[in-house]
Amino acid sequence: MKKSLEQIIGESGISFGTSGARGLVSDFSDDVVASFAQSFLRVMQGEFHVSRVAIGIDNRPSSPAMAAACAGAAQALGIAVDYYGILPTPALAYQAMQDSVPAIMVTGSHIPFDRNGLKFYRPTGEITKADELAIVSTDSELTSYTAALPAINPLAAANYIQRYRDVFAPGIMQGLHIGLYEHSSAGRDLYADLFRSLGAQVTSLERTDTFVPIDTEAVAEADVQKGRRWSKEYRFDALFSTDGDGDRPLIADENGQWLRGDIVGLLCARQLGISALAVPVSCNTAIEKCGAFAKVTRTKIGSPYVIAALEELAPHFSAIAGFEANGGFLLGSDVQLNGKLLKALPTRDALLPGIALIAAAANTKLSAQVATLPARFTASDRIQNIPTSNSKAFLAEASEDQSALLNLLEMSSKTVDSINTTDGLRISFHEGEIIHLRPSGNAPELRCYAEADNQKTAATLVKNVLDKLQVRLTQTST
């Protein structure tokens with residue numbers, strides 16, 4: 001008896017996290033990938049007329065083969081494939097939304113190259129948590145398929161860049177020198193030409209054919225040092241980069257200091273004149289303290305939760321947006337920019353905040369833009385190779401007995417103001433410091449976020465907390 005799509009997916013060990021289905025490349029067999037693709041498309045057929053699907057990939061070595069399985073699986077259902085090749089995830093999403101077709105992006109974003117993932121889009125935008133449940137519960141059989149990729153269509157990448165050329169003036173970056181950290185970013189062939197067309201001088205840095213897992217929430221020390229060295233050597237006005245699939249920005253000021261993603265999102269939202277925001281609970285409290293927004297809704301971590309909150313804000317506010325601590329910016333409504341209409345793109349995007357902040361640097365240096373915000377500083381890092389089940393069990397225990405956790409962290413002398421369990425465990429202290437612990441939704445990692453009145457304290461908090469938890473969780477794992 002043939003297995004159902006639900007059985008194939010269930011036995012694969014691959015599950016949905018905060019940003020798509022993620023897992024080891026070794027678990028993404030052709031049949032598993034095809035099962036995810038066919039299940040997704042069958043779910044979409046229950047709600048939309050589906051005659052075409054858009055497919056794109058990042059630069060991971062495993063991505064072309066996975067895309068071929070997706071394409072073959074779609075064609076076996078009689079669905080035509082628009083294959084857009086290597087491009088940023090938001091570029092694929094934007095094209096799919098304009099064409100009103102579903103889309104599949106093969107990407108593992110920032111996770112290591114031995115892992116990969118699938119991100120799915122409805123014709124109207126990102127899938128919901130209900131869609132995720134439906135995808136893993138489809139009882140149809142896998143339709144026989146042949147894995148094969150059509151020729152690459154360059155339209156989606158071109159339209160994504162034109163989206164920004166249409167609303168930003170050609171000389172808006174005149175006089176600026178931008179360092180473009182290309183590494184293996186899916187958008188690396190697009191950004192330099194765009195920035196040059198806006199008037200900037202661009203220097204490309206460290207392009208590589210080896211996949212580099214850039215995590216914009218936990219910038220590696222080597223990249224911290226590179227940023228400072230490059231800015232000193234080239235006298236850049238800004239550095240721009242992204243994670244692997246181009247939906248999370250990594251921006252440094254004129255000193256080579258990488259900006260936190262939520263600060264990037266905050267500055268971008270303020271420049272766009274956004275009136276209401278949806279952001280995850282882990283984001284910097286400067287968002288509320290700056291007083292720039294009429295409404296701020298806090299959500300669980302993950303773009304589906306931010307999008308759900310945007311939908312609730314839409315009837316009440318004309319200009320809405322969201323962003324995450326990783327910097328990915330979700331434009332929830334059409335906005336007027338420079339007298340022109342910029343259409344909504346309610347999925348993480350790295351390019352809009354990149355252009356907005358860097359263009360503004362022509363008049364106000366990036367460090368000065370940051371200095372206009374309330375003095376709240378965040379830091380984050382993670383413990384890797386900790387099973388998610390272990391992290392969840394530990395946090396459940398810690399939520400029940402917070403005093404034991406504070407003793408473990410040697411923080412029992414501090415006064416707890418509030419506890420937030422919206423996503424993980426977030427403790428706010430009377431002294432103004434915040435620590436937030438949660439399991440990653442994409443990999444076997446425990447993340448720690450901290451906030452304080454200065455950067456050194458925030459960074460020290462993260463290090464001290466993770467050092468103590470590393471010992472505890474490692475002992476639990478063994």
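Strand β10 (residues 238-242) is largely enclosed by the rest of this predicted structure, because five of its five residues are buried, where buried means under 20% relative accessible area, exposed over 50% and partly exposed in between, with a 1.4 Å probe and protein chains only. The strands and helices named here are DSSP runs numbered from the N terminus, strands (E) having at least two residues and helices (H or I) at least four. The model is predicted, so that local features need pLDDT of at least 70 and side-chain atom pairs count only at pLDDT 80 or more, while totals for chains, interfaces and linings use all residues. Residues are numbered from 1 along each chain as its sequence is written, and side-chain values use heavy atoms, with hydrogens and water left out.

Within β10, the residues A238, F240 and T242 point one way and L239 and S241 the other way, and all are buried. Two strands are taken to pair if DSSP finds at least two bridges between them. Strand β8 (residues 177-183) pairs with β10 in the parallel sense over three bridges, and here I178 stands opposite A238. Strand β11 (residues 249-252), by contrast, pairs with β10 in the antiparallel sense over four bridges, with F240 opposite I251. The hairpin of β10 and β11 has six residues between the strands, and in it G246 takes a positive phi near 70°.

Elsewhere, an open sheet of five strands runs in the order β13-β12-β14-β15-β18, with mixed pairing. Because β13 (295-299) and β18 (345-349) stand at the edges with a single partner strand each, one side of each is left without a neighbour in the sheet. From one strand to the next the twist averages 15°, axes being lines fitted to C-alpha atoms, for helices over the stretch in contact, and angles running from 0 to 180 degrees between N-to-C directions. Helix α9 (residues 261-272) packs on this sheet, touching β12 (276-280), β14 and β15, and its direction makes about 30° with that of β15. Strands β14 (residues 320-323) and β15 (residues 329-331) run antiparallel and are joined by three bridges, with G322 opposite L330.

E132 is found in helix α5 (residues 129-135) and counts as buried because its relative accessibility is 9%. Leaving aside neighbours within four places in sequence, E132 is in contact with F16, G17, I127 and P304, contact meaning heavy atoms within 4.5 Å.

The largest pocket holds about 990 Å³ of space and is lined by 36 residues, of which R260, T378, A379, Q455 and A459 lie nearest its centre. A pocket, on a 1 Å grid over the protein atoms alone, is an open set of points where a 1.4 Å probe fits, with protein on both sides within 12 Å along at least five of seven lines, and its lining residues have an atom within 4 Å of a point. To the lining of this largest pocket, α8 (221-234), α13 (366-371), β19 (377-384) and α16 (455-477) each supply at least two residues.

The second largest pocket has a volume of about 580 Å³, and among its 29 lining residues T388, K392, P439, S440 and G441 lie nearest its centre. The largest share of that lining, four residues, comes from α14.

How values were computed
Points joined across faces, edges and corners; volume = space filled by probe spheres on them.
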